[in-house]
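I opened this notebook to keep track of what I looked up in one protein model.

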Amino acid sequence: MHLAEVADYIQSKYGIEASYVDLAGQTLAAVTVPGANESFALLLKKDGRETFELKAGSLAKFLAAQSAFGPAVFMQDPAWIRVDLDNPALNDRFFYKTLDSAYQSSRPLEAEKNMAEDRQEHEIYLLDDEGEDFQEEVIPKRPAFFKDSDFDRLLVEKGQPVIPEGIKQMQESYDYLAVPRRESNFYRQGMLMANYEDDFAQMVPINKQRPVYHDLTVYQLRSYFSWRTKFRQGKYKPAPAAYVYLLASELVCQIGVKDKADGLRQLRLLFAKCVEQKDISTSWQEKHILQNYLVYYGFALEEIRPDFEDELMRGKFIIIFCLVKRADRNSTRPSAACLLICPRTIPC
């Protein structure tokens with residue numbers, strides 16, 4: 001069994017997409033039920049090996065003793081187990097039943113979804129010393145996965161930076177049920193981060209050609225937003241093509257701009273800087289993005305002409321050619337040669 005099969009099963013049955021991130025030489029994806037505070041599964045790839053870890057709760061000790069199962073390695077938590085997907089002794093049916101059980105156990109109750117953040121649970125009552133009256137004790141809330149889990153602790157131990165509050169809120173806002181998921185979440189998260197600024201010094205590469213925020217690690221997000229901050233301050237710094245694509249996508253969606261004219265100004269400035277640094281990796285996108293922007297937002301011809309004089313001229317001759325064809329079918333109309341030499345002879 002491969003991780004791809006498990007990821008497909010999770011997506012098709014639960015509607016949850018496993019999004020991988022790179023961390024300390026390995027690739028991993030934490031799978032969380034929408035509305036839950038903690039993940040219930042972890043998919044890991046390292047040095048060609050694939051590993052799957054699962055939150056089994058009170059059954060962890062029992063399951064860890066079964067064939068192809070064992071104690072979790074990455075998640076330092078006794079409630080988690082590891083599944084050896086390469087083990088021929090692994091029973092697929094038993095594995096998927098265990099996975100389904102972990103998913104169901106992680107689903108928040110409908111009542112809990114609608115609770116206010118400051119609501120407290122009062123479920124434990126202890127007798128006082130005299131045994132006559134009840135004393136109310138509050139059950140502490142379980143910590144969120146990104147705040148106090150072993151996963152977060154390991155990030156800190158490996159030298160990862162603390163996740164800024166703005167980025168943390170953006171990550172937690174991801175809606176796995178949105179349709180279309182990728183585009184809707186990019187716009188929603190982009191609006192949340194429209195005014196966000198950062199000062200992360202390192203320029204972290206992004207291998208994906210057309211990324212969205214959800215594709216990036218915390219390092220990559222901080223690096224991108226720091227680069228964007230400098231760009232807005234007029235301090236442009238050459239960057240990977242993915243950075244340019246992300247910023248252009250924001251501008252097209254009117255994220256972080258005053259109006260469509262401001263977005264056009266920033267797009268032109270961004271592409272002009274790319275030309276200055278002779279970045280051919282983005283040059284093919286420039287006219288395509290500008291063309292769609294100008295047309296979609298209904299700019300006047302005077303605004304379109306500076307960027308698309310040649311295209312407008314070609315369009316004019318295409319119209320002339322079509323009219324010439326029509327004229328050639330009627331001998332009483334001007335000839336093709338006449339039309340090409342003097343377009344004004346085209347009948348109105």
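The entries below go from the whole chain to single residues.

**Entry 1: ground rules.** I am working with a predicted model, in which local features need pLDDT of at least 70 and side-chain atom pairs count only at pLDDT 80 or more, while totals for chains, interfaces and linings use all residues. Residues are numbered from 1 along each chain as its sequence is written, and side-chain values use heavy atoms, with hydrogens and water left out.

**Entry 2: the whole protein.** I looked up the secondary structure and found 14 helices and 8 strands. Helices (H or I, at least four residues) and strands (E, at least two) are DSSP runs, numbered from the N terminus. Of the 348 residues in the protein, 40% are buried. Buried means under 20% relative accessible area, exposed means over 50%, and partly exposed lies in between (1.4 Å probe, protein chains only). The accessible surface comes to about 20,900 Å², and carbon and sulfur atoms hold 53% of that surface. Accessible areas come from the Shrake-Rupley method with a 1.4 Å probe; for residues, only the protein chains shown count as cover. I also looked up contacts (heavy atoms within 4.5 Å). Among contacts with a separation of 6 or more, 51% are between residues 24 or more positions apart.

**Entry 3: salt bridges.** How many salt bridges does a search of the whole structure find? The search finds 9. A salt bridge here is a side-chain nitrogen of Lys or Arg within 4 Å of a carboxyl oxygen of Asp or Glu.

I looked at K13 and D100, whose side chains meet in a salt bridge at 3.1 Å, N to O. K13 belongs to helix 1 (residues 3-14) and D100 to helix 3 (residues 92-106), so this pair ties together parts that are 87 residues apart in sequence. K13 is partly exposed at 48% relative accessibility, and D100 is buried at 18%.

Next I took D262 and R265, which form a salt bridge at 2.8 Å, N to O. Both sit in helix 11 (residues 260-276), 3 residues apart, about one turn of the helix. D262 is buried at 12% relative accessibility, while R265 is partly exposed at 48%.

Helix 11 also holds E276 and K273, again 3 residues apart and separated by about one helical turn. Their side chains meet in a salt bridge at 3.9 Å, N to O. K273 is partly exposed at 25% relative accessibility, and E276 is exposed at 57%. I then noted a network in which salt bridges that share partners join D198, D199 and R222.

**Entry 4: strands 2 and 3.** Is strand 2 (residues 26-32) largely enclosed or open? I find 5 of its 7 residues buried, so strand 2 is largely enclosed by the rest of the structure. Strand 2 runs antiparallel to strand 3 (residues 39-46), and 6 bridges join them. Two strands pair if DSSP finds at least two bridges between them.

**Entry 5: one side of helix 7.** In helix 7 (residues 165-172), I noted I167, K168 and M170 as buried. They cover an arc of only 160° around the axis, which puts them on the same side of helix 7. The arc is that of the directions from the helix axis to the C-beta atoms.

Entry 6: Most residues other than glycine have a negative phi, and most peptide bonds are trans. I looked for departures from this. The peptide bond from V179 to P180 is cis, with omega near -10°. P180 is in the loop between helix 7 and helix 8 (181-192).

Where is A68 placed? I found A68 in the loop between helix 2 and strand 5 (69-71). A68 has a positive phi near 75° and is not a glycine. A68 is also buried, with a relative accessible area of 9%.

Q254 has a positive phi of about 65°, although Q254 is not a glycine either. Q254 lies in the loop between helix 10 (241-252) and helix 11.
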